[in-house]
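Please read it alongside the sequence and the coordinates.

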Amino acid sequence: MISFSAVSKRYPGGQDVLRGVSLTVNAGELVFITGHSGAGKSTLLKLIPAIERPSTGSVIVNGQNVSALRPAAIPFLRRNLGLVFQDQKLLYDRSVYENIMLPLSFSSLAPREAARRARAALDKVGLLGREKANPVQLSGGEQQRVAIARAVVNRPAILIADEPTANLDAEAAQRVLEIFVAFNQVGVTVLLATHDLGLVTRYGRRVLRLAAGHVVEDSAP
Amino acid sequence: MRSWLRQHRRALVAALGKLAAQKASGGVSALVIGVALSLPAGGYSLLEGLSSLAAGVALEPQISVYLKTGSTQSDADALAARLKSDARIGQVRFVPRTEALKELKATEGLADVIDALDHNPLPDAFVVRARDSSPETLAELAQELRRAPTVAHVQADAVWARRLASLARLGRLAVLLLAALLAFGLVAVTFNTIRLQILTQRDEIEVSKLIGATDTFIRRPFLYLGLLQGLAGGALALGIVWAGLSLLNGEVLTLAQTYGSSFRFDFLSQGDALAVMLFAGALGWLGASLSVSRYLLEVQPK
């Protein structure tokens with residue numbers, strides 16, 4: 001479903017963030033990507049929705065070489081991916097519900113169907129009833145769950161989350177992880193980056209450990 | 001098709017919302033557009049009024065031909081015959097010098113003056129009416145009549161009508177130039193307001209790009225915003241011109257009445273008003289599209 005072959009990434013004037021990374025993620029897998037900050041986790045995840053382009057090598061998503069995608073095709077690639085960002089990127093000038101409706105406004109979905117999906121997404125993250133609230137009124141964990149609801153509202157087959165538990169206490173982090181596990185159980189492929197190895201080992205899933213731009217460990221359960 | 005319409009309706013509603021939310025700043029830019037556009041639009045209305053005035057004069061294609069003092073009756077008859085035989089001339093009226101003096105005497109305050117004269121200083125005259133009312137024909141006819149040996153002076157009203165017409169042409173060119181210059185200014189004004197709008201919505205644009213919005217989708221509400229701002233400016237310009245002309249017409253009517261005329265400046269015709277609106281709307285759209293193409297590139301999500 002996702003495969004990297006000999007991918008390197010060098011930012012202009014900087015170091016090599018990724019060096020010859022090759023890996024394959026099959027449909028239905030849940031993969032934790034760990035490593036210290038600066039190990040290249042974020043960059044690796046950003047290559048999948050073509051937010052960054054590899055310097056060398058290729059990234060294939062669903063049979064499509066996204067590293068060579070023309071710019072006009074990128075939005076359509078991203079609509080098929082659910083993205084949860086490190087800084088959530090919620091819009092604080094509108095309600096939770098409007099935040100979740102944002103990805104649906106690009107698509108040609110009928111308003112009734114869109115509203116139904118938005119409510120379903122809120123339900124899945126346990127925030128039904130908070131749709132009228134402004135994100136600032138929510139706790140960090142709740143905000144992260146709004147971001148997850150926005151990512152899944154288009155029903156993507158692949159969910160990509162960059163440090164979704166970063167600033168959460170243990171309980172909230174646990175709850176957020178459970179949501180990703182639940183999505184994986186219904187068949188969604190999940191890639192989740194975290195620096196907190198202890199948090200993820202208990203799930204007994206595949207863990208990819210990055211260090212200095214290399215995959216140093218790939219432990220299947 | 002339905003979803004396409006829905007997308008456009010959404011963009012329009014979003015733009016209306018932004019226009020309402022902008023309040024002061026959006027209002028100010030619409031006002032700037034309105035005031036700027038009212039100059040050429042108002043100038044055009046005034047010119048149209050003056051041209052119609054000139055056209056009204058030319059509808060009375062009169063030429064007055066004064067004979068030399070001391071001309072005899074036979075000189076007058078000869079000229080009358082010549083005028084009547086000219087195909088370009090429709091009507092000839094002879095005004096004998098005695099009658100002219102009588103008319104003048106009837107004018108209030110002049111009777112005593114004329115009584116004091118020991119002889120009649122007025123010449124015999126013809127009032128000639130041309131078939132063709134164009135200023136060119138009249139000027140040509142007047143020129144020919146001037147060359148007749150018994151004619152002392154030819155006065156053609158058409159000449160000043162022609163001057164007015166060429167003045168109006170000059171004015172129209174000036175209005176066009178003004179409109180073209182202001183068009184650049186208006187594009188710049190919209191360019192800037194849309195730029196500010198893009199900056200305030202930077203987060204929304206960035207997130208939208210990240211989660212799969214096409215550039216067309218992101219661009220659309222800004223284009224509508226530019227269009228609406230232009231249209232609001234256009235409507236404002238029409239309002240200013242209307243108010244200005246109403247104010248002016250009060251004074252113009254008083255002045256016109258002293259000349260026995262009921263002249264007044266007309267408001268722009270429906271077609272012209274529509275043209276002003278479309279022009280303003282198009283300028284707004286253009287400014288917005290330039291701004292969007294320039295600044296959306298800058299919002300690159302990382």
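## Charges and overall form

The mean positions of the 30 positive and 25 negative charges of chain B lie 15 Å apart, where Lys and Arg count as positive and Asp and Glu as negative, His and the chain ends not being counted, and where the place of a charge is NZ of Lys, CZ of Arg, CG of Asp or CD of Glu. In chain A, with 26 positive and 18 negative side chains, the centres of the two sets are 7 Å apart.

This is a predicted model, in which local features need pLDDT of at least 70 and side-chain atom pairs count only at pLDDT 80 or more, while totals for chains, interfaces and linings use all residues. Residues are numbered from 1 along each chain as its sequence is written, chains are lettered from A and ligands numbered from 1 in the order in which they are written, and side-chain values use heavy atoms, with hydrogens and water left out.

## Chain B

Chain B has ten helices and four strands, helices (H or I, at least four residues) and strands (E, at least two) being DSSP runs numbered from the N terminus. Read from the N terminus, the order of these elements is α-α-β-α-β-α-α-β-α-β-α-α-α-α. The radius of gyration of chain B is 31 Å, well over the 19 Å that the globule rule gives for 302 residues, so this chain is more spread out than a compact globule; the radius is taken over C-alpha atoms, and the rule is 2.2 Å times the number of residues to the power 0.38. Along the principal axes, the C-alpha atoms of chain B fill a box of roughly 100 × 40 × 30 Å.

Of the 302 residues of chain B, 41% count as buried, a class that means under 20% relative accessible area, with exposed meaning over 50% and partly exposed in between (1.4 Å probe, protein chains only). Among contacts in chain B (heavy atoms within 4.5 Å) between residues at least 6 apart in sequence, 84% join residues at least 24 apart.

Helix 8 of chain B spans residues 202-210, and its buried residues include Ile205(B), Val207(B) and Leu210(B), together with the charged Glu206(B) and Lys209(B). Just after helix 8 of chain B, Gly212(B) takes a positive phi of about 105°.

## Chain A

Chain A has seven helices and ten strands. For 221 residues a compact globule would have a radius of gyration near 17 Å, and chain A, at 17 Å, agrees with that value. Buried residues make up 56% of the 221 residues in chain A, and residues 24 or more positions apart account for 67% of its contacts with a separation of 6 or more.

| Chain | Accessible surface | Share of carbon and sulfur atoms | C-alpha box along the principal axes |
|---|---|---|---|
| Chain A | about 9500 Å² | 50% | roughly 45 × 40 × 35 Å |
| Chain B | about 16700 Å² | 64% | roughly 100 × 40 × 30 Å |

Gly63(A) lies in the loop between strand 4 (56-61) and strand 5 (64-65) of chain A and is exposed, with a relative accessible area of 71%. The C-alpha atoms of Gly63(A) and Ser3(A), which are 60 residues apart along the chain, are separated by 9.0 Å.

## Salt bridges

Over all chains the structure holds 18 salt bridges, each being a side-chain nitrogen of Lys or Arg within 4 Å of a carboxyl oxygen of Asp or Glu. One of them joins the side chains of Glu163(A) and Lys41(A), at 3.8 Å from N to O. Glu163(A) lies in the loop between strand 7 (158-162) and helix 6 (170-185) of chain A, and Lys41(A) in helix 1 (residues 41-47), so the pair ties together parts that are 122 residues apart in sequence. Both Glu163(A) and Lys41(A) are buried.

Arg94(A) forms a salt bridge with Asp93(A), their closest N and O atoms being 3.0 Å apart; Arg94(A) counts as buried at 17% relative accessibility, whereas Asp93(A) counts as exposed at 59%.

Arg130(A) forms a salt bridge with Glu142(A), with 3.4 Å between the closest N and O atoms. Arg130(A) is partly exposed, with a relative accessible area of 30%, and Glu142(A) is buried, at 17%. In chain B, salt bridges that share partners join Asp86(B), Arg88(B), Glu140(B) and Glu144(B) into one network.

Definitions and conventions:
Accessible areas come from the Shrake-Rupley method with a 1.4 Å probe; for residues, only the protein chains shown count as cover.
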